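Take a walk through this predicted model. We begin with a side chain, then turn to ring pairs and a helix packing.

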Amino acid sequence: MTSYWAVASARFRELLQYRAAAVAGMGTQLFWGLIRVMIFEAFYRSSAAAHPMEVDEVTTYVWLGQAFLALLPWNLDLNLRNQIRTGGVGYELIRPVDLYAYWFSRSLAWRTAPTLLRAPLLIIFAFIIMDMHTPASWGSAGAFIAAMAGAVLLSAALSTLFNITILWTLSADGMLGLAPAVVTILSGMIVPIPLYPDWAQTILNFLPFRGLVDTPYRLYLGHIPPGELPMLIAHQIAWTVAIILFGRWALSRGLRRVVIQGG
């Protein structure tokens, strides 16, 4: 475990150097956050029907989503992509470590370091300027933190799986186009899951993507009682384990067909 912790720590520190990129990303997220808040406010004002979430809850949900956007597995590790494309992945194969655990450790850093750079300032802005709500209770705050820890592991597992797909496609363009759409729509990032039709909620509540966004954010709001946390954590862990097992299988299969420098 010491080796993998060292890998994650080194990659984490490396990613913390990209402060200018974090500032640029934060500006983009502020822009899109404001647009999404205006869209939802217009939606609520245009309808007098009862809604499963109040507009102020949705506003807080949106800003949580913008603050933790970098945590979502919507992009790929550029270094791994280039190594697989050029054949440099051969150097990875001779390391005295488990390759999947090595890539998973990198994914943990890839998801957490950019989030740490962006989230605090975005949350401060949302609290001061956009009237973002504090957690519904201390219990909700604790449940939110626990669910976010589960979301980090789930996101790293999905990120690693997406990276592994490059062994099969060589070009990452397809996954780079597909992953953002799948993750943001199915996780509740674009539209909170309670606003979906009932039949869609049944499917989305089963899929793993809910654990990335909808579960922790609605715990924060108190929209999901903290007492349901054990069941929700079990959902996150079960899917994380399943994705890790599938990722290991896919990696072993992919390495059988990978071509390194024409050999």
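Which class of accessibility does W239 fall into? W239 has a relative accessible area of 24%, so W239 is partly exposed. The cut-off for buried is under 20%.

W239 has an aromatic partner. Its ring pairs edge-to-face with F206. F206 has 54% relative accessibility, so F206 counts as exposed.

The model holds nine aromatic pairs. Another of them joins W63 and F125: the centres lie 5.8 Å apart and the planes stand at 65°, so this pair is edge-to-face. W63 belongs to helix α3 and F125 to helix α6 (residues 99–129), so the pair ties together parts 62 residues apart in sequence. W63 is buried, at 1% relative accessibility. F125 is partly exposed, at 25%. Elsewhere, F68, F144 and Y220 form one aromatic cluster.

Helix α3 (residues 55–67) packs against helix α2 (residues 19–45) at an angle of about 160°, with the axes 10 Å apart. Angles over 145 degrees count as roughly antiparallel, and α2 and α3 are therefore roughly antiparallel to each other. Their crossing is right-handed. On the α2 side, the contact includes W32, L34, V37 and F40. On the α3 side, V58, V62 and W63 are among the residues involved. The residues of this contact divide into eleven nonpolar, four polar and two charged.

Terms used
Residues are numbered from 1 along each chain as its sequence is written. This is a predicted model: local features need pLDDT of at least 70, side-chain atom pairs count only at pLDDT 80 or more; totals for chains, interfaces and linings use all residues. Side-chain values use heavy atoms; hydrogens and water are left out. Axes are lines fitted to C-alpha atoms, for helices over the stretch in contact, and angles run from 0 to 180 degrees between N-to-C directions. Helices (H or I, at least four residues) and strands (E, at least two) are DSSP runs, numbered from the N terminus. Angles under 35 degrees count as roughly parallel, over 145 as roughly antiparallel, 65 to 115 as roughly perpendicular and the rest as oblique. A crossing is left-handed if the near helix is turned anticlockwise from the far one by less than a right angle, and right-handed if clockwise. Contact means heavy atoms within 4.5 Å. Ala, Val, Leu, Ile, Met, Phe, Trp, Tyr, Cys and Pro count as nonpolar, Asp, Glu, Lys and Arg as charged, and the others, Gly among them, as polar. Rings of Phe, Tyr and Trp (its six-membered ring) pair if their centres lie within 6.5 Å; planes under 30 degrees apart count as stacked, over 60 as edge-to-face and the rest as tilted. Buried means under 20% relative accessible area, exposed over 50%, partly exposed in between (1.4 Å probe, protein chains only).
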